[in-house]
Amino acid sequence: MALARCVWVLAFTWCLGVCSASDGYVGKKIGEMNSYHHQVGGDVYAVDETTLLIKNFMYDGNGGDTFFWAGSRPRPGPQGFIVPNELGRTNVLDRYLNKDITLTLPDQKTITEIKWLAIYDLSRLEPFGDIYIPEGFEPPQKIVLNKLSSKTKEVQSGGVVIADSKTIVIEDFSYNGRGTDVHFWVGVGPQPHSKGNKIPDEHGYMTPLQKYRKKTITLELPGDLTVFTVDWLAIYDITEDRVLGSIIIPEELNVPPSLVEIIPHTNAMPNCEQLHRDMMVSWDVYADQITVELAGQVGEDDYMAFGMSGSPTEPKMDGGDVAVVHMDGYLGSLRDYNLSSYMPCTKLLEQHKGVCDDEKVDNKQDYQEFSSKRENGLNIFTFRRRLGTPDPGDIPYPDKGEAMIIWAMGHLDHNREPTMHYAWSKYKQPIEFTRKATERKCFAFTRAREEKPKLRGWKRFHLADPAAKEFNATIGPDGGPRGYESITGQNAESGLAWYINGFLSPDLYIKRNTKYRFLVMGGSNPHDPKSYHPLIITDEPHGAYSQLTEEEQKDVRVLAGIGYSVRGNSRPTAAGRLCLWEHPPDLDRRKDVEFTTFEHFRNLLHHECGEGKPAVLEFTPNKSWPDIVYYNSWTAPNMGWRMHILDEINTEKILEAAASSSPGLHGSHWSSVYTMMLWVTGVWLVLLVV
């Protein structure tokens, strides 16, 4: 808690020069500091119940034993306590020249418990400057309002909390999800109405709201909006022009300032649409050409993609046509991509399938790049293309009516190629590129200066049963940042991962010189890289052996799962029917991060198996095998994890060692694992019989 407070204070101090310029609000003013000696001065604000801000603080630094000093006696004196400086230290004060500093009272003391703050010299027992806390002063604090008001009961909630000047928390929020174009909506005026502003949902998306059930959500007001500039929050149905639920935001709120930096971005384009809290598209159409600007708040090793959907009626990645942009140092990269499968570009049967550069699928690069830069954490690209091109891989931008677009943000792999996106267009966001009335419906980017707590990943699974000689291998979703990425420390580049006996990429413990086998159900259709994942065992952690160059393959030892043709070409031997764990229609993959346990996540997935039989991969680890090997996919990288080769399997010692080395693992977890293993085994027996 103390560390979190320190991070908050440092972040607030850093943010002052930027954030205060955006809305001017830094807290509730207490007053101007009284000056007696050594040029002490500054304006003092209460940031929250325990934090003080001194703006334009002055002190010449010539005192002998001088500190920030506070107390509860009527006047400053020796009966008080040191308040750590802006760095959290209790050093003698140095010189300050018009500096903005943030102080946090120690030992969880609050501003209401003190009567003054002074610049106090302990050797001379006198203040050089001070300020008194007014009688009855109320420092900023979060405010709990009533529940959302709803006449139709389509929306329900617990209390609505104003956490700070830009953050609204809705407790136990429920919405039946039946509307077609329902959004969180804010505006000014005595009651909610259609002239308000759409704001992002709790994950930053601008798309229509789906079903919620008793979920506590946190909304951030976008751009330069604050709780002081809006009068109400509503859940609003644009199509039917009606308010499903709302709450009035009181005037003159006494809440903490937001730790959000506002990053304005403007351009000369006549049209702009906010695709996500962190991505916007602007454009201009002249004659038969469209000029586009993509601006996004992404990492240095991230990409943005924007283009036409593979379906005219819904956002569909398969069959789509997009421009993919990213920065390589100071140089921008813009490439035209063809999307034939929901996978990274994969070469199978001498053809490239998946998210592929147009040139790899015998098409042309039809975009012309004008400019690219990375500025203040934003990637900004401007490019042009004809509305229609003769390239068969391109989808024309329509010259009238709405266009169904797709977009995405994601990480680049080691070859600077796009991998599975972390934000994308799951729901409709149609754009009329040639609309007559130009509109700019974008807002400034925002960036939290407070470091977000790291997500707690799902617990790792360790399968260490000496009697187990057979494993069922299917595939399923990677589970987002709590799942495969947290378990293995690797990016799930395809969005898929191996599920062994129903567990997401567990560590397997097997005995040397003992025969084992996998029943492999990763798909056997080489025409679609999503449905073709023969299992292989290698001495390196990434897999995708079929996609390596001949030189790269020489550095990999394949221990099981491949054979060789008469001509010496490698081929997989364990390609069986496809059994896939999938999200049901009402489970949004973009929100996998909300599941705090793998069990809860997995139990909501649907499990489907195609026709055919599992492939059988038999292997016997001998003395030549390394102590750690890896099960993975022949086709796609980073889908599996480790196999520990042991002379003897001591389950108790293995689980104790795993628990001690993995934070959060404990005895009761292993008990639940065994319970779940029994349940999974029963399911597999039924599936195999079917």
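**Disulfide links and strand pairing in the predicted model**

Cysteine 345 is partly exposed, with 24% relative accessible area; here buried denotes under 20% relative accessible area, exposed over 50%, and partly exposed the range in between, computed with a 1.4 Å probe on protein chains only. The structure is a predicted model in which local features need pLDDT of at least 70 and side-chain atom pairs count only at pLDDT 80 or more, whereas totals for chains, interfaces and linings use all residues. Residues are numbered from 1 along each chain as its sequence is written, and side-chain values use heavy atoms, with hydrogens and water left out.

Cysteine 345 forms a disulfide with cysteine 356, at an S to S distance of 2.1 Å; a disulfide is defined as a pair of cysteine sulfur atoms within 2.5 Å. Cysteine 345 occupies the loop between β25 (331-339) and β26 (346-348), while cysteine 356 belongs to strand β28 (residues 355-357), so that distant parts of the chain, 11 residues apart, are linked; strands are DSSP runs of E with at least two residues, numbered from the N terminus. The torsion about the S-S bond of this pair is about 100°, and the disulfide is therefore right-handed.

Alanine 323 has aspartate 336 of β25 as its bridge partner. The hairpin of β24 and β25 has two residues between the strands, and glycine 329 adopts a positive phi near 70° there.

By the distance rule, the count of disulfides comes to three. One of them joins cysteine 272 to cysteine 442, with an S to S distance of 1.9 Å. Cysteine 272 is buried at 0% relative accessibility, whereas cysteine 442 is partly exposed at 24%.

Another disulfide is formed by cysteine 579 and cysteine 609, whose sulfur atoms are 2.0 Å apart. Because cysteine 579 lies in strand β45 (residues 579-582) and cysteine 609 in strand β46 (residues 606-609), the pair ties together parts that are 30 residues apart in sequence. The link is right-handed, with 115° about the S-S bond. Cysteine 579 counts as buried at 0% relative accessibility, and cysteine 609 as partly exposed, with a relative accessible area of 30%.

An open sheet of six strands, with mixed pairing, was also identified; its order is β35-β39-β49-β48-β41-β42. Its edges are formed by β35 (462-463) and β42 (558-560), each of which has a single partner strand, so one side of each is left without a neighbour in the sheet. Strand β39 (residues 507-511) pairs with strand β49 (residues 642-646) in the parallel sense, over four bridges. Tyrosine 509 has histidine 644 of β49 as its bridge partner.

Terms used: Pairing = 2+ DSSP bridges.
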